[in-house]
Amino acid sequence: VYDLVLSNLGLAAVEDPRRLLRELFRVARPGATLLATVPLRGSFAEFYELLARTTSQRPREAALLEQHVAARPDPLSLYSWALEA
């Protein structure tokens with residue numbers, strides 16, 4: 001349907017990023033441009049280290065941060081998601 005489909009950090013904000021990526025491809029017409037940004041595993045490392053120090057005495061928040069960081073895809077995973085979509 002669309003010539004251009006954009007998603008700025010949307011893949012990082014949903015529970016099932018693979019499903020969102022499939023939907024982005026679904027609404028893009030053949031030959032369309034699809035641009036999506038997502039923080040990859042390892043990005044923002046300095047920020048997350050500072051945040052981890054801040055939450056070190058707060059087990060619940062530390063666990064949530066750990067889950068958040070672990071959920072980031074690596075480049076190969078993101079590439080495979082795109083191929084699936």
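Start by selecting Glu66: this residue is exposed, with a relative accessible area of 60%. Here exposed means over 50% relative accessible area, buried under 20%, and partly exposed in between, with a 1.4 Å probe and protein chains only. Glu66 sits in helix α4 (residues 59–70). Helices (H or I, at least four residues) and strands (E, at least two) are DSSP runs, numbered from the N terminus.

Before moving on, a word on what you have open. This is a predicted model, where local features need pLDDT of at least 70 and side-chain atom pairs count only at pLDDT 80 or more, while totals for chains, interfaces and linings use all residues. Residues are numbered from 1 along each chain as its sequence is written, and side-chain values use heavy atoms, with hydrogens and water left out.

**Stop 1**

Now show α3 and α4 together. Two packed helices are described by the angle between their axes and the distance between the axes. For α3 and α4, the axes are 8 Å apart and the packing angle is about 160°. Axes are lines fitted to C-alpha atoms, for helices over the stretch in contact, and angles run from 0 to 180 degrees between N-to-C directions. With that angle, α3 is roughly antiparallel to α4. The cut-offs are under 35 degrees for roughly parallel, over 145 for roughly antiparallel, 65 to 115 for roughly perpendicular, and oblique for the rest.

A crossing is left-handed if the near helix is turned anticlockwise from the far one by less than a right angle, and right-handed if clockwise.

To see the contact itself, select Tyr48, Leu51, Ala52 and Thr55 on α3, then Pro59, Glu61, Ala62, Leu65, His68 and Val69 on α4. Contact means heavy atoms within 4.5 Å. Ala, Val, Leu, Ile, Met, Phe, Trp, Tyr, Cys and Pro count as nonpolar, Asp, Glu, Lys and Arg as charged, and the others, Gly among them, as polar.

Zoom in on Thr55, which lies in α3 (residues 45–55). Thr55 counts as buried, at 10% relative accessibility. Setting aside neighbours within four places in sequence, Thr55 is in contact with Glu61, Ala62 and Leu65.

**Stop 2: α2 against α5**

Next, select helix α2 (residues 17–27) and helix α5 (residues 75–84). Their axes come within 9 Å and cross at roughly 45°. The two helices are therefore oblique to each other, and α2 passes α5 in a right-handed crossing. On the α2 side, pick Pro17, Arg18, Leu21 and Phe25; on the α5 side, pick Trp81, Ala82 and Glu84. This contact has five nonpolar, no polar and two charged residues.

**Stop 3: the largest nonpolar core**

Select Val5, Leu11, Leu21, Leu24, Val27, Ala28, Val38 and Trp81: these eight residues make up the largest nonpolar core. Such a core is a set of buried Ala, Val, Leu, Ile, Met, Phe, Trp, Tyr and Cys residues joined through side-chain atoms within 4.5 Å. Its largest share, three residues, comes from α2.

Stay on Val27, which touches Val1, Tyr2 and Val5, not counting residues up to four places away in sequence. Then move to Ser7 in strand β1, where 10% relative accessibility makes it buried. With neighbours within four places in sequence left aside, Ser7 contacts Leu20, Leu24, Leu35, Ala36 and Thr37.

**Stop 4: two loops**

Go to Leu9, in the loop between β1 (2–8) and α1 (10–13). Check its backbone: Leu9 has a positive phi of about 70° although it is not a glycine. At 43% relative accessibility, Leu9 is partly exposed.

The loop between β2 (28–37) and α3 holds Phe44, another non-glycine with a positive phi, about 65°. Phe44 is exposed, at 51% relative accessible area. Draw a C-alpha to C-alpha distance from Phe44 to Val5: they are 25 Å apart in space and 39 residues apart in sequence.

Finish with Ser43, also in the loop between β2 and α3. Ser43 is partly exposed, at 25%, and its C-alpha lies 12 Å from that of Ala12, 31 residues away in sequence.
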